[in-house]
Amino acid sequence: MLHCRRLVRKRALLAAGVAAVPVPMLDWATDVGILLRLIPQINLAFGLTPEQIEHLAPERKVAVLKAVSAGGSLLIGRLITRDLILKALAAVGVRLSTQQAAKFVPVAGQAVSALLTYSALKWVCEQHIRQCLAVAQQLQLPASEPAR
């Protein structure tokens with residue numbers, strides 16, 4: 001779990017750096033791209049990729065899928081698509097809309113934009129880590145190698 005959080009911090013800093021560049025929508029594309037790679041890595045670390053779940057015994061697979069649906073996660077045990085990432089980002093839509101507007105205020109606005117991007121990406125990933133942790137602990141799933 002700690003390695004996932006470290007990875008999230010590194011990628012959120014990268015996204016914040018891109019958000020500081022005053023090019024509209026570049027940061028959104030970067031955020032989606034980062035999350036498209038990061039969410040599967042988090043799932044892998046918790047043993048919750050579609051492939052890992054598929055290899056479980058049938059009764060364990062059913063238990064995992066029930067735990068995932070009970071937890072309300074959109075991103076556990078699924079093929080991660082752009083649409084799923086956009087749904088996850090919609091949860092922090094107000095912050096990201098403010099972040100887009102802030103870009104047009106010289107220097108201070110770019111700093112605010114970077115901060116909002118960092119916090120939004122970190123929040124989405126932290127929520128996902130918590131959901132993965134809850135499912136993995138509930139079902140006592142073995143963890144995989146740390147995501148890099």
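At what angle do α1 and α2 pack, and how far apart are their axes? The two helices pack at about 175°, with axes 10 Å apart; axes are lines fitted to C-alpha atoms, for helices over the stretch in contact, and angles run from 0 to 180 degrees between N-to-C directions. α1 and α2 are therefore roughly antiparallel to each other (angles under 35 degrees count as roughly parallel, over 145 as roughly antiparallel, 65 to 115 as roughly perpendicular and the rest as oblique).

This is a predicted model, in which local features need pLDDT of at least 70 and side-chain atom pairs count only at pLDDT 80 or more, while totals for chains, interfaces and linings use all residues. Residues are numbered from 1 along each chain as its sequence is written, and side-chain values use heavy atoms, with hydrogens and water left out.

The protein has 7 helices and 0 strands; helices (H or I, at least four residues) and strands (E, at least two) are DSSP runs, numbered from the N terminus. Of its 148 residues, 43% are buried, where buried means under 20% relative accessible area, exposed over 50% and partly exposed in between (1.4 Å probe, protein chains only).

Helix α1 covers residues 2–19 and reaches 25 Å from its first C-alpha to its last, close to the expected 26 Å (1.5 Å times one less than its number of residues). Its buried residues include Cys 4, Leu 7, Val 8, Ala 15, Val 18 and Ala 19. These six also belong to the α1 side of the contact with α2, contact meaning heavy atoms within 4.5 Å. Among the α2 residues they face are Ile 34, Leu 38 and Ile 42.

α2 also packs against α5, and the axes of this pair come within 10 Å and cross at roughly 105°. That makes α2 roughly perpendicular to α5. Val 32, Leu 35 and Ile 39 are among the α2 residues in this contact, and Ile 85 and Leu 89 among those of α5.

The two contacts by residue class:
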